[in-house]
Amino acid sequence: MKARITLAGYDRLLGSTRAPLRPGEGRVALARGSAADLLIEARAGRLHTRLQEQAGFVLGGRVGTSEVASWQRSLPIVLTDLVDAGLGDVEVLLEHQLPHSKQRIDVVLCGVHPRSGDSSFVFLELKQWSKAESYLSEVINIPGLQGRHLHPTEQVHGYREYFVDHTPALVERPQAVHAVAYLHNARRTDVSGLLQDNPRPTSRLFTMDDKAALGEHLNAVLDAAAARQSNVAAGDELSGFAHRPTKPLLDLAAAEIKDREQFVLLDEQKVAYELVLRAVERSRAAQTRTVVIVEGGPGSGKSVIALSLLGELARRGRAVHHATGSRSFTMTMRKYAGRGSKRVQGLFKYFNTYVGCEPRELDVLICDEAHRIREKGTDRYTKKEKRDRADRQVNELINVATVPVFLLDEHQVVRPGEMGSLKEITTAAEALGCQVEIVRLHDQLRCGGSVSYDTWVARLLGLGTSERPIPWSKLAGPLDEGITLSAVASPEALESWILRQRSEHGGVARLSAGFCWPWSDPVDTPDGARLVDDVQVGAWKRPWNAKGDGKKAVPGVPESSYWATDERGFDQVGCIYTAQGFEYDWSGVIFGKDLVRRDGMWRAVRERSKDSEVRKADELHFGALIKNTYKVLLTRGMRGTAIFSEDPETQEFLEEMTR
């Protein structure tokens, strides 16, 4: 059983009714009960139907027929094995969601440890594969299935490690959580490579030939004689754990360069990481070149992968750089990840650094925010000798490294000339004789872990979907309590909203807006330079964030590159170029009149935009760039977002959509 998409925050489910949510009980299973009771339901053919109904209720939509079929096939087997092992009274949680993530653990067993008497938990990952073969230590091939897959013990180890890392109550007792992978349809001889190359020996792997051994292992960590009430209490404890939010990327960056274990990579994230490391070793042994493309939306973990790779490859002595097309992102990485180390700061570059470079100067180039790749990397500062040797930027980025890595989101293209796409990079890589590996990320670490919120934004703006906008209340399920969404009546109310959230719940709050107001240089006053209050709606007015490019410093105001991360950035309105690539807890977004709602459709209004570059775009691309801009602004908030439009008709529409 493969982890499937789910959302954020839901209470314990019994039958088809929803029990009241208890404090701290943010997300639990689609169903739970004793192994014996669930087995009766499974044998009667009702358990998979109940899970399907609960998933529809919880997730606000249907689950795939393949997932329902996997429940129908796998659960009777594993529940029978539990009962046969004398563990019929153990509490079983099915499809339990990880905190701040869409991933679900197939089965969680809750009970009492036979020696210590403390609560004991087992994360159980189920696989229906009958055959599997090793590809890398942590990546495997499944005959008949496309793509690469994570070794099941690595997958369940990641779930365990991630859960413990996000649960303060388990920090002092991580040994309370155990990890097991069960290939219940496979013979040992048909998965011998996986058994021999288990990358996580502490996470046990069992096959259909190992039922007795599986029972012995589970009995060693779960007391079969424990009272039923004690097992239920253990299940309540696990469901009620408080979870701290996902670790902010920049708080970890400095430690990450020295210690990759600060990050826990899950599923496709770990596959991407391992494929890059394998490509590096393969290139050294066989002189081959591989381009790895990682595609994912906001908050899917692209930058976490990038920093994990940077730290590991640097420690291995490989020639590696991290590059972006964003001044704000690169400067912030240098400041935080490279704090106190000029050598580490030197690992962070810009895409146009590689104009005219010799082939394979690097082992690995990690291109973060690769959607910002441009046709040419030259600018007015490029020296003539390099300009004469310049190629298309995508070719330069591929040629400069033995293993180029591109991490991108095609719906974050916000300026004319940005052309980083899966098709563009793949075509260029194949033309240059490179192998191509593609990994698509589906997890959601931002926006409260809510995949529904990403769907709501896509439908709201009409990006990558033909489905019409839908009110949040009709799309969100009970698990979406991890994200707060609201439309407010004025910019004053918007500012009050983010101030209140920051005061009551803590965290970082920022206000951003579409580029619909002029952006003035600072003005001199008797007390020194100050910003101009360019962003004005009625009587309310605030300044944009400071300008970059060597503009004069303004006392008490951070440089533009640090608007999202410096606490003093709260007092300015951020624009797309300072918000993109960053995240904060509470986000207020002002829709300007460059995007308005008319007759049930969005209309992009060129004359209302103050972005001189975007206004150069043709009619088709102008509207897409404006929509992408608001998509980026709407997906910066990890915990909550409030919206206001200065256009009355658009404001009415947003209020309807946030109900």
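Contact here means heavy atoms within 4.5 Å. By that criterion, among contacts in the protein chain between residues at least 6 apart in sequence, 73% join residues at least 24 apart. The model is predicted: local features need pLDDT of at least 70, side-chain atom pairs count only at pLDDT 80 or more, and totals for chains, interfaces and linings use all residues. Residues are numbered from 1 along each chain as its sequence is written, and side-chain values use heavy atoms, with hydrogens and water left out.

The protein chain contains 21 helices and 28 strands. These elements are DSSP runs numbered from the N terminus, helices being H or I of at least four residues and strands E of at least two. Of the 659 residues, 59% count as buried. Buried means under 20% relative accessible area, exposed over 50%, and partly exposed in between, with a 1.4 Å probe and protein chains only. The accessible surface of the chain is about 25,800 Å². Carbon and sulfur atoms account for 48% of that surface. Areas were computed by the Shrake-Rupley method with a 1.4 Å probe; for residues, only the protein chains shown count as cover.

Strand pairing was assigned where DSSP finds at least two bridges between two strands. Two bridges link β8 (residues 139-141) to β9 in the antiparallel sense. Isoleucine 140 has histidine 149 of β9 as its bridge partner.

A five-stranded open sheet has parallel pairing and the order β18-β28-β25-β19-β24. At its edges lie β18 (484-487) and β24 (573-574), and each pairs on one side only. Strand β18 runs parallel to β28 (residues 637-645), and four bridges join the two. Within β28, isoleucine 643 stands opposite alanine 487. Helix α18 (residues 491-505) packs on this sheet and touches β18, β19 (509-513), β25 (584-591) and β28. The direction of α18 makes about 175° with that of β25. Axes are lines fitted to C-alpha atoms, for helices over the stretch in contact, and angles run from 0 to 180 degrees between N-to-C directions.

Strand β12 (residues 290-295) is largely enclosed by the rest of the structure, because six of its six residues are buried. In a regular strand the side chains alternate between the two faces of the sheet. Thr290, Val292 and Val294 point one way from β12, while Val291, Ile293 and Glu295 point the other way; all are buried. Strand β12 runs parallel to β17 (residues 435-440), to which six bridges join it. Valine 291 is partnered with valine 436 of β17. Four bridges join β12 to β16 (residues 401-408), also in parallel. Here glutamate 295 stands opposite leucine 408.

Antiparallel strands β26 (residues 595-598) and β27 (residues 601-604) are joined by four bridges. Leucine 595 stands opposite alanine 604 of β27. The hairpin of β26 and β27 has two residues between the strands, and aspartate 599 takes a positive phi near 55° there.

In soluble globular proteins, nonpolar side chains tend to be buried together. A nonpolar core was defined as a set of buried Ala, Val, Leu, Ile, Met, Phe, Trp, Tyr and Cys residues joined through side-chain atoms within 4.5 Å. The largest such core has 94 residues. Those with the most contacts inside it are Val364, Trp456, Leu460, Leu461, Phe591 and Leu634. Beyond its neighbours within four places in sequence, phenylalanine 591 contacts several residues, including Leu461, Trp602, Leu634, Ile643 and Leu654. A second, separate core of 32 residues includes Leu51, Val63, Val68 and Leu124.

Individual positions were also examined. Threonine 324 lies in strand β13 (residues 320-324). Threonine 324 counts as buried because its relative accessibility is 0%. Leaving aside neighbours within four places in sequence, its contacts are Phe329, Thr330, Lys349, Tyr350, Phe351 and Asp368. Alanine 85 occupies the loop between α3 (65-84) and β4 (91-97). Its C-alpha atom is separated by 9.9 Å from that of alanine 213, 128 residues apart along the chain. Not counting residues up to four places away in sequence, alanine 85 touches Gly215 and Asn219.

Zero disulfides were found in a search of the whole structure, a disulfide being a pair of cysteine sulfur atoms within 2.5 Å. Cysteine 367 is buried, at a relative accessible area of 0%. Cysteine 434 is buried with a value of 9%.
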